[in-house]
Amino acid sequence: MLRFEDNDIYLTRGDTAYIGLELTDNEGEPFEGTLDDTVTLSVKKQIDETEDYAFQVSVPLGVNIKILPEHTKGLEYGRYYYDIQLNMANGDVFTIVEKAVFNITQEVTL
């Protein structure tokens, strides 16, 4: 089960989840981007530049981020941290969801 509280995410370990984003420009208009722009979800146990990612998912802009069961089924229950970044084809990078908590919750059915 996927649940949001503000920007914090709660996901049952081993579940599939889809995260959709609706981006707007500075005028509040829908942001279209280009076909080569991507969005990356990065998840870590600790916020440390040297720590490996628990997992990362990159998709083309406009496509839902899909978290697969194998991304989380081997992770310990508990608190992780994530952000979401827009990587534009022209080299610009924007953090579109700042650091927030990504909770891996217990499942009953394995």
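Which residue takes a positive phi in the hairpin of E7 and E8? I found that Gly91 does, with a value near 100°, and that five residues lie between the two strands of this hairpin. I keep in mind throughout that the model is predicted.

**Entry on the sheet.** I then traced the sheet as a whole, which is open and consists of six strands in the order E1-E2-E8-E7-E4-E5, with mixed pairing. E1 and strand E5 (55–60) stand at the edges and have a single partner strand each, so one side of each lacks a neighbour in the sheet. From one strand to the next, I noted an average twist of 25°.

**Entry on E1 and E2.** Next I looked up the pairing of strand E1 (residues 2–5) with strand E2 (residues 8–12), which is antiparallel and runs over four bridges. Glu5 has Asp8 in E2 as its bridge partner, and Leu2 stands opposite Leu11 in E2. The two strands form a hairpin with two residues between them, and in its turn Asp6 has a positive phi of about 55°.

**Entry on E8.** I followed E2 onward to strand E8 (residues 93–105), where the pairing is parallel and again rests on four bridges. E7 and E8 run antiparallel and are joined by nine bridges.

**Entry on the largest pocket.** How much space lies in the largest pocket? I noted about 250 Å³, with a lining of 15 residues, of which Ser42, Lys44, Ile47, Tyr53 and Asp83 are the closest to the centre. Strand E4 (38–44) and strand E7 (78–87) each contribute at least two residues to this lining, so I have marked both strands for my pocket notes as well as for the sheet. By class, the lining of the largest pocket holds five nonpolar, five polar and five charged residues.

**Entry on the second largest pocket.** Sorted by class, the lining of the second largest pocket divides into eleven nonpolar, three polar and two charged residues.

Key:
Residues numbered from 1 in each chain as written. Predicted model: local features only at pLDDT ≥ 70, side-chain atom pairs only at ≥ 80, totals over all residues. Heavy atoms only, no water. Pairing = 2+ DSSP bridges. 1 Å grid on protein atoms, 1.4 Å probe; cavity = no way out; pocket = protein on both sides within 12 Å on 5 of 7 lines; lining within 4 Å. Points joined across faces, edges and corners; volume = space filled by probe spheres on them. Nonpolar A, V, L, I, M, F, W, Y, C, P; charged D, E, K, R; others polar. Axes fitted to C-alpha atoms, helices over the stretch in contact; angles between N-to-C directions.
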